[in-house]
Amino acid sequence: ANTVALVPAAGRGELLGDKGPEALVPVNGVPLVVHAVRGLLQAGCVRRVVVAAPPSATEHTRSVLSEASLDALVVPGGADRTESVCLALEAALGESPELEIVLVHDVVRALTPPALVRGVVDAVAAGAPAVVPVLPVADTVKRVDAHGVVTATVDRANLLTVQTPQGFRADVLRRCYASSAGPGTAVERAERLGLAVTTVPGHPRAMKITTPFDLTVAEALFGTPS
Ligand code: C5P
């Protein structure tokens with residue numbers, strides 16, 4: 001199937017400290033955006049990657065990708081993730097209006113295993129309109145009141161945390177963003193449209209790298225096979 005991956009990568013990366021845009025923060029010497037794009041291309045089922053880069057670092061993002069011999073379309077991102085995804089989607093449709101499957105993959109999940117990317121694409125190709133990778137909740141979850149006092153223990157059995165890449169039939173993603181009304185990720189928009197969102201098993205390596213602690217974990221994982 002004609003599959004494109006959109007990579008919202010325009011976040012400022014404030015939690016990582018004073019390191020500049022998160023897309024360019026190095027994990028063992030290699031910028032996050034390079035890890036993320038490489039992982040998508042290594043899956044072998046993604047025809048094109050479109051990166052929504054920090055507007056002030058669009059050229060820099062292009063050059064780190066081409067230095068790594070990675071072919072991607074880099075466009076300036078927007079003020080929030082939703083805007084960045086919309087801008088990348090427009091660019092992808094401008095290049096190839098006949099898209100069939102679209103992935104949305106956060107640059108901060110840079111070490112996502114290619115096998116997870118394939119799992120999401122396969123599930124959409126098999127007929128699911130929207131697919132999200134999930135993990136069980138490991139910790140006990142409590143509900144608290146406004147003072148932080150525990151009011152209940154939440155049953156974890158039907159709680160899951162979600163990761164990316166999230167996969168969509170192209171017509172579904174276009175519909176999700178057709179009305180810009182309301183906040184939320186593409187998956188939340190799909191839920192609001194009443195579409196069934198299917199889950200596939202996620203992977204610990206698809207963790208978000210947004211704090212110095214995450215960066216240390218990512219550097220320790222880097223270089224070992226997924
Ligand atoms: O900060 P947040 O959790 O929303 O970031 C999720 C993803 O969205 C990150 O990959 C980040 O780079 C991206 N993002 C973006 N454009 C923005 C803000 C965040 O592409 N203006």
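# Questions on a predicted model

Student: In which strand does L135 lie?
Tutor: This is a predicted model, in which local features need pLDDT of at least 70, side-chain atom pairs count only at pLDDT 80 or more, and totals for chains, interfaces and linings use all residues. Residues are numbered from 1 along each chain as its sequence is written. Helices (H or I, at least four residues) and strands (E, at least two) are DSSP runs numbered from the N terminus. L135 lies in strand 7.

Student: Is L135 exposed or partly exposed, and why?
Tutor: A residue is buried if 20 or more other C-beta atoms, placed from the backbone, lie within 10 Å of its own, exposed if 12 or fewer do, and partly exposed in between. L135 has 16 other C-beta atoms within 10 Å, so L135 is partly exposed.

Student: Which residues is L135 in contact with, leaving aside neighbours within four places in sequence?
Tutor: Contact means that the C-beta atoms of two residues, placed from the backbone, lie within 7 Å. Outside its sequence neighbours within four places, L135 is in contact with L160, T161, Q163 and G202.

Student: How does the span of helix 4 compare with the span expected?
Tutor: The expected span is 1.5 Å times one less than the number of residues. Helix 4 (residues 114-125) has 12 residues, and from its first C-alpha to its last it reaches 16 Å, close to the expected 16 Å.

Student: Within what arc do the buried residues of helix 4 fall?
Tutor: The buried residues in question are L116, V117, V120, V121 and V124. The arc is taken over the directions from the helix axis to the C-beta atoms. The buried residues of helix 4 line one face of the helix, because they fall within an arc of 135°.

Student: Which strands are among what covers the buried residues of helix 4?
Tutor: The cover includes a helix, helix 1 (32-42). It also includes strand 1 (3-8), strand 6 (101-104), strand 7 (130-136), strand 11 (166-169) and strand 12 (197-201).

Student: Which residues of helix 2 are exposed on the face turned away from its buried side?
Tutor: The buried residues of helix 2 are T61, V64 and L65. They cover an arc of only 100° around the axis, which puts them on the same side of helix 2. An α-helix has 3.6 residues a turn, so residues three or four places apart point the same way. The face turned away carries the exposed residues E59, S63, S66 and E67.

Student: How many C-beta neighbours inside 10 Å does S63 have?
Tutor: S63 lies in helix 2 (residues 58-67). S63 counts as exposed because its C-beta neighbours inside 10 Å number 12.

Student: What is phi of S69, about?
Tutor: S69 lies in the loop between helix 2 and strand 5. Most residues other than glycine have a negative phi, and most peptide bonds are trans. S69 is not a glycine, yet its phi is positive, about 60°.

Student: Which residue joins T164 in a cis peptide bond?
Tutor: The residue lies in the loop between strand 10 (160-162) and strand 11. Omega of the bond is about 10°, and the partner of T164 is P165.

Student: Where is N28?
Tutor: Phi of N28 is positive, near 45°, in a residue other than glycine. N28 counts as exposed because it has 12 C-beta neighbours inside 10 Å. Its place is in the loop between strand 2 (26-27) and strand 3 (30-31).

Student: Which of the 15 residues around the ligand come nearest?
Tutor: A residue counts as near if its C-beta atom, placed from the backbone, lies within 6 Å. The shell divides into seven nonpolar, four polar and four charged residues; Ala, Val, Leu, Ile, Met, Phe, Trp, Tyr, Cys and Pro count as nonpolar, Asp, Glu, Lys and Arg as charged, and the others, Gly among them, as polar. Of the 15, the nearest are P8, A10, G11, S84 and D106.
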